[in-house]
Each structure stands twice: as structure tokens, then as C-alpha cells.
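Trainee: Could you show me how to read a protein structure, one feature at a time?

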Amino acid sequence: MRKLPGLSTVFATVAVLASVNVASATPPTGQFSSTEYGRAQQVANAKVVAPTGHDVLSSTYMVAPGGDTGWRTGPGTTALAVTKGSLKVEQAEGCASGDLAAGNALVLPPGKFRLHNVGQQPVELLANFTGLPHGGGAPLVDGPMEAAPPCAGFAAAIVANGISTGKSFRGDPSPYFEQSHAGGHAYGASQELPLEAGKDAFMTTVTLQPGFSTGWFAHTPHVAILTKGTWAFYAPRNGKCEKVEEYHAGDAWIHPVHRHLGVVEGNEPAVITLFGFNLRHGEPLPVLDSNPDHFDFTQAPPSECPTQLR
């Protein structure tokens, strides 16, 4: 049985945008609020893969002492960020086992795994899942248990117990793939987000009021789920400034690093939950603070899009 890389910080905040003092930049305008659920350091290079035709989901979990998911098969990638306690992770592939301590994050590829709390305090966990069937149950909680893999030292089939969900957000990225193809971005049947060891994964929900605009910005890679309102992105296309993506409640998108402008469309607030990666580790600045390793609001507009579209 081989060891997983050992997986340490949590930070919750209501984020406030830093001042942007770049003459050519178009900083955010409008009102917003943000709740950060936590962040944890990525222990290894990895990739999150989100296929079209399947849901994505981000959740917070509590695992009681002795709690166990039982053996489960993740149809897509499973990103785990432990913010309190220590979680034992076992994987069928390679018969791997290791402890994920608070403040550490790990991405599991598709396949069979088991999570359990062997400590004396509850585990608090952030998780993102890709490749889920449309409208299915809650990962780690719902569904039948499976037989254990034939690995020495692994327990047999386990009944799930002591694990519960807190906040949970589910979305369908089908519109993202449809609009990406229409815009000439040939992502194919899936989108991949490369993750860097030593950077942070995070989960946060932002509520953006009508009239809010990001201005032109670049961002870390993330999986986003819209649970309320209408949200749109603008970018240069074919020598013009165009709306390239529009989303409604229940939609999701998987964005790599790139520059664009986002706006709330309509008279209803937009509520977006981000599960993001490659945030600079160290000083726990708010996720929405403006710097190159977070959400960089110092970007100048492209020549085709000279204004904030407001």
C-alpha cells in the first residue's frame, strides 16, 4: 500500500476588493458581498477534468469522529480541501492511503475511493465533483456502498455513517460547452484545469447586485455555479466586443485563466459559487482581492472593448 502525499490553513471572510490604481484599468463597479468557506494548499500537481453532459457540484461537509463514506466510485475528478481535522483517504488505484490534515487539498482522479475520520474531532471538508449524472443525489452521502478493492489492509464494504452536507451547489455546464464551441474555443468533450502544487484551493459564494460589473479582469482557474439571476461575460471576438457567454440559475462554467468582463444582467442579483484553484498560498488575502494570483482587476480593456459596457 503506497502513501498519498501528506496534506494546512483555513480562512473565512467577507471579501472586500482592494483599490485598483492603474490608469488604464477598469476596476469593478457596483455592490456585492462574499462569503468564503475556506481554503487549503494543493499538495501535488493535478488536473480537474469536467466533461460535457454531466453536472458539477461544490459542497461543504462535516465528518464526525468515526464517520465514513464507505467505498464509492467518483465518475469524474473529486477535489478535496480539508479545513479542520484530519481525513484518511484510501484509493483503489495503486492501493494508496494517506491522511489529509487541515489546510491541505488533494484532487482524486475518477475511480474508487473511501474517506473516513479516524480522529477525535470532526472534520470540516470542502469538495468539488465533476462528471456527475444530471440531477443525481449528494456525493459522499447518497447512493449504495461498493465492495472494497483487493488491497492489503483495506477494510471490506463499509456502511456510510457520520457524514453530512452543509452548503451544496449543483450546476449543469452544458451551456458553457455550447457557447465555447460557438465562440471557436474548441475545448472538445471536456475542459481541463491544471493545478499547481503549493497553491491554494478555495470555495466562496458571491452575491452581485444588479448593475455590478467586474471591469476587465483575469482570474485563477475555477468551477463556477450560478444559483440565482443572470450573468454574462463579454470579450473581443472577430474584431468586435461581444457577449460571449450568458448563464442562468442552474448553469455552471469551467474557466481556465483568461481575461474578460462579467456583468449582472437584469434586475435580480446574481449568486455565484466558485470552487477555485492556484490561489497564492501564504498571506490570506480575500479571494476577491486584486493581485495577479487572485482575481486581477488591473487589466486594461482590449482595444475592441474600450469601456466597461455600462
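Mentor: Start with a pairing: strand S5 (residues 78–84) and S10 pair in the antiparallel sense over six bridges. Keep in mind that this is a predicted model.

Trainee: Which residue stands opposite Ala79 in S10?

Mentor: That is Asn128. S10 also pairs with strand S3 (residues 55–68), in the antiparallel sense and over eight bridges. There, Ser58 stands opposite Asn128.

Mentor: S10, which spans residues 123–132, is mostly covered, with nine of its 10 residues buried.

Trainee: What about nonpolar residues?

Mentor: In soluble globular proteins, nonpolar side chains tend to be buried together. In this model, the largest nonpolar core has 45 residues. Trp231, Trp253, Ile272, Phe277 and Phe295 have the most contacts inside that core. Strand S20 (residues 270–279) supplies the largest share of this core, six residues. There is also a second, separate core of 19 residues, with Val63, Leu100, Phe113 and Ile163 among them.

Trainee: Which residues does Phe295 touch?

Mentor: Not counting residues up to four places away in sequence, Phe295 touches several residues, including Phe202, Phe217, His219, Leu274 and Val287.

Trainee: Can we walk through the pairings?

Mentor: S16 and S17 are joined by eight bridges in the antiparallel sense, and Pro236 stands opposite Cys241 in S17. Next, S16 and S19 pair antiparallel over five bridges, where Thr230 has Glu265 in S19 as its bridge partner. S14 and S19 are also antiparallel, with four bridges, and Phe217 stands opposite His260 in S19.

Trainee: Why is strand S19 described as largely enclosed?

Mentor: Five of the seven residues of S19 (residues 259–265) are buried, so the rest of the structure largely encloses this strand.

Trainee: Which strands does S1 pair with in the antiparallel and parallel senses?

Mentor: S1 (residues 32–42) runs antiparallel to S13, and nine bridges join them. In that pairing, Arg39 has Phe202 in S13 as its bridge partner. With strand S8 (residues 104–108), S1 pairs in the parallel sense over two bridges. There, Gln41 has Asn104 in S8 as its bridge partner.

Trainee: And how do I look for empty space?

Mentor: Rolling a probe the size of a water molecule over the atoms shows where empty space is left. In this model, the largest cavity holds about 210 Å³ of space. It is lined by 19 residues, and Leu208, Thr214, Phe217, Trp231 and Phe295 lie nearest its centre. S14 gives the largest share of the lining of this cavity, three residues.

Trainee: What classes of residue line the largest cavity?

Mentor: The lining of the largest cavity has 14 nonpolar residues, five polar and no charged.

Trainee: Now, what can you tell me about the largest pocket?

Mentor: About 300 Å³ of space lies in the largest pocket. Of the 20 residues that line this pocket, Arg72, Thr73, Pro75, Pro139 and Asp142 are the closest to its centre. Strand S4 (72–74) and S10 are the elements that give two or more residues to the lining of the largest pocket. S4 gives the most, with three residues. By class, the lining of the largest pocket has 10 nonpolar, six polar and four charged residues.

Note on methods:
Residues are numbered from 1 along each chain as its sequence is written. This is a predicted model: local features need pLDDT of at least 70, side-chain atom pairs count only at pLDDT 80 or more; totals for chains, interfaces and linings use all residues. Side-chain values use heavy atoms; hydrogens and water are left out. Buried means under 20% relative accessible area, exposed over 50%, partly exposed in between (1.4 Å probe, protein chains only). Two strands pair if DSSP finds at least two bridges between them. A nonpolar core is a set of buried Ala, Val, Leu, Ile, Met, Phe, Trp, Tyr and Cys residues joined through side-chain atoms within 4.5 Å. Contact means heavy atoms within 4.5 Å. On a 1 Å grid over the protein atoms alone, a cavity is a set of points where a 1.4 Å probe fits but cannot get out, and a pocket is an open set with protein on both sides within 12 Å along at least five of seven lines; lining residues have an atom within 4 Å of a point. Grid points are joined across faces, edges and corners, and a volume is the space filled by probe spheres set on the points. Ala, Val, Leu, Ile, Met, Phe, Trp, Tyr, Cys and Pro count as nonpolar, Asp, Glu, Lys and Arg as charged, and the others, Gly among them, as polar.
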